[in-house]
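Hello,

Here is the structure I promised to pass on to you. Have a look through it first, and then read my notes below.

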Amino acid sequence: MSTERTTVAEEIIVAGWMDYEPSDRDPMLRHLVEVGQRTREEEPGCLDYAMAADPSDERRIRVFERWVSQQSLDEHFTTAHIKDFRAATSGLTRVGVSLKIFSVAASRSMR
């Protein structure tokens, strides 16, 4: 196993889950697919943006995002597509959430 490390200035990872009423999970996922595509295309600070239905829980959406910096993540929340997303999903009921922000000091390839 390689011990090669890549130091990054301030890579940020957002990870966790969000729970929605079962009837609201799939509509939320459809909106997340759209906002994810726009985020990856329009925001150079976004390294990865993925949301997925948890196959063992009809309410849960798994969250994984990577950003080049905290500033990039902060700017993400001010974009027009996030404002549109929030307006489009305002009627969907979130019943739980556990999201954490991780600051990455170093990373290495897993072989």
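Let me begin with the core. This is a predicted model, and its largest nonpolar core holds 18 residues. Which of them touch the most other members? They are M28, L32, Y49, I61 and W67. At least two residues of this core come from each of β1, α1, β2, β3 and α3. As background, nonpolar side chains in soluble globular proteins tend to be buried together.

Next, the largest pocket. The space in it comes to about 420 Å³. Its lining is made up of 20 residues, and those closest to the pocket's centre are M18, F77, F85, R94 and L99. Which element gives the most? That is β4, with 4 residues. Sorted by class, the lining has 14 nonpolar, 4 charged and 2 polar residues.

Finally, a word on confidence. The chain has a mean pLDDT of 92, and 92% of its residues reach 70 or more. Confidence is highest in β3, at a mean of 98, and lowest in β1, at 84. Please keep an eye on residues 1-8, where the pLDDT is below 50. In the model, this stretch has 14 contacts beyond near neighbours in sequence.

Happy exploring, and do write back with any questions.

Best wishes

Note on methods: Residues are numbered from 1 along each chain as its sequence is written. This is a predicted model: local features need pLDDT of at least 70, side-chain atom pairs count only at pLDDT 80 or more; totals for chains, interfaces and linings use all residues. Side-chain values use heavy atoms; hydrogens and water are left out. On a 1 Å grid over the protein atoms alone, a cavity is a set of points where a 1.4 Å probe fits but cannot get out, and a pocket is an open set with protein on both sides within 12 Å along at least five of seven lines; lining residues have an atom within 4 Å of a point. Grid points are joined across faces, edges and corners, and a volume is the space filled by probe spheres set on the points. Ala, Val, Leu, Ile, Met, Phe, Trp, Tyr, Cys and Pro count as nonpolar, Asp, Glu, Lys and Arg as charged, and the others, Gly among them, as polar. A nonpolar core is a set of buried Ala, Val, Leu, Ile, Met, Phe, Trp, Tyr and Cys residues joined through side-chain atoms within 4.5 Å. Buried means under 20% relative accessible area, exposed over 50%, partly exposed in between (1.4 Å probe, protein chains only). pLDDT is the predictor's confidence in each residue, from 0 to 100. Contact means heavy atoms within 4.5 Å.
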